[in-house]
Amino acid sequence: MNVFQEPTRRTLFEKIWDQHIVMPRPTGPSLLYIDRHIIHEGSFHAFKDLRAGGLSIRNPKQVFGVADHYVPTTSRDPNDAVTQEIKEVILKFDDNMKWSGAHYFSINDPQQGIVHVVGPEQGISLPGSIITCSDSHTSTHGAMGAMAFGVGQSESMHIMATQTLWQTKPLQMRIELTGKPAAGVGGKDIILAVIAKLGVAGAVGYAIEYAGSALQWLTLDERLTICNMTIEAGARSGLIAADDVVFNYLYGRKFAPQGAAWDQALQAWRQLPSDDGCHFDQTLSIDVTQLAPMLTWGTSPDTGVAIDGVIPDPSCLADPHARQAALAALTYMDLAPGTVLNTIKIDRVFIGSCTNSRLSDLRMAANILRGRRAVVPGTVVAGSMLIKQAAEAEGLDKIFIEAGLEWREPGCSMCVGINGDLALANERIASTSNRNFVGRQGPGVRTHLVSPAMAAAAAVTGHFTDVRTLMGQQ
Amino acid sequence: MQAFTHLQALAAPLEGRNVDTDQIIPARFLKKNRDAFYKNYLFHDLRFDEHGELRTEFILNRPLFSGAQILVADENFGCGSSREGAVYCLADYGVRAILAPSFGDIFFNNCLKNGLLPIRLDAKSLDAVRQALLNATDANPTTREISIDLAACTVLAPGLSSPQTFAMDPFWHECLLKGVDELALTLSYATEIAHFEQQHRSSHPWLIA
């Protein structure tokens, strides 16, 4: 090999990868250094193995615990957990976190929230870092210019014990987002369109970097939403190169570098964007100008369609497997092909989750709900205590409450329902969460994934509605 | 971790692409400790109705396939949530290997950590295997068995005319064959990790306190 070879042109992902290799291997997994590991209450399996093995947390300052999955959203008291069993999981986490010596955002912490909201908000998620969390939506943190991916309990235990993980390098995909989204169309609609295009297995084995002129029109919250749901196309990670939007956001946050360290970090972060002409294994381009507000009709996140359309007809599908799956999904969803989307009635709305619970998401929903009444029950769950506080300072809570919706304490809530926040059997729900799987929000519950604005529009009309028809009319 | 060398066992065909981990284990069971009941959570809402009665039509409830140790699935098996409970309940039910054209990324890794062998084979071959298994209604259960040789990375199954080889990363291949998880190996690299950490701290001081 010629040692004077020009440095190869690398992607953002590859640069971060290369900076974290502890033990390189020509094939198969390399041992990578993990900068930040975040855990939640579901970590009791990992702690059990760790403690039984006589091990401890190697670097407690690089591990963060956040109580979000099992916590009640009705109060900040574990005694209000729906069942004794759920309460015990929360208390177990308290005990394990105390033992760990790591920083803990407990249910009572004024900075508690959903893991993927807290990470960026506290400056834990930094550009160029590798972030793991025992949750599949860890891809969210990629919007900070980081390499972030979800892990299981065994991997979580391995990271806590060694601060490293064996990982096989994924292929590289670049998705160029061009154009400018229309009013009423945002990050959620864009990612639903991306997943619809790729399919739920379309990015298995890949890390996806988003780039292109459309990014300038998207807020950081919207970028986080896009990276968050990247996992729903099967990808390991979603990334967006950090820019001044990210740097300005991070500046002064609790765990972000300060003073001279900030200047040094900033200089390093500016070197991270993908090199011109670097190689991607697959590329895709989407003009977001053409997009309308989206909703999903089926039981997988790749069934997003524009609100101005109809329920697709499975008999048009050539592939018998796909046809069968679509028919099964329509049966579960109790929908008929050809149904005009904006005539489908809903029973409930849920506005929250690591996908759409940030301040701009709440503002978007509140803008539609202001001066109107929801005609179905619904719940609004802020992504963190800080977001809840900021929303209340703007009076958003009053708008939700006056519209007839519940305003709850932060947590994963009805996205995954582990804490007992579930919809009722056979209800149809407009949900700002990330998964519409069979039974996800309760047995028999029919989930349609939408943006916060579309959820609000459905709440006030009682059926799916193109939010653009309600904008600026109050 | 149990070593995986060779297995000849009953296989069940599982229809449907994108079987997500919410189907493998519904979220409400994730708070449970892994005890003797954990195997009952596997495919819970597909195996049992709302009264707790067996759904006789579900493949693992059919006498010919009940207790299968090998599953033959379709694309993107185990997609969705990172919940390792999905692998725990499969393993506790007795499943030792899953054949699919592709797997959910985190699920695949979770399998490797629990001695459960995820085998990728092409979709067409697996379509044929599932069909052959469904057609094998003979009383003799060996007609529904699949044979896996991990050392040679070969699979012999109904519907395949000859043994098929599958690709397996040498690192995980060795871990599974020996029944060792990678933690002991990583801990043996303590010096290398400490050395890397020192360098990383000097180049990225803002990342390591």
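A: A quick definition to begin: two strands pair if DSSP finds at least two bridges between them. Helices (H or I, at least four residues) and strands (E, at least two) are DSSP runs, numbered from the N terminus. This is a predicted model, where local features need pLDDT of at least 70, side-chain atom pairs count only at pLDDT 80 or more, and totals for chains, interfaces and linings use all residues. Residues are numbered from 1 along each chain as its sequence is written, with chains lettered from A and ligands numbered from 1 in the order in which they are written.

Q: OK, in what sense do strand 15 and strand 18 of chain A pair?
A: Parallel, over three bridges. A:Arg348 stands opposite A:Ile429 of strand 18 of chain A.

Q: And which residue of strand 16 of chain A is opposite A:Ile351?
A: That's A:Val380. Strands 15 and 16 of chain A are also parallel, with three bridges. Between them the chain goes through helix 11 (residues 359–369) of chain A, in a right-handed β-α-β crossover: with the strands pointing away from the viewer, the path from the first strand over the helix to the second runs clockwise.

Q: Switching topic: how many residues sit between strands 1 and 2 of chain A?
A: Six, in a hairpin, and A:Gly28 in the turn has a positive phi of about 70°. The two strands are antiparallel, with two bridges.
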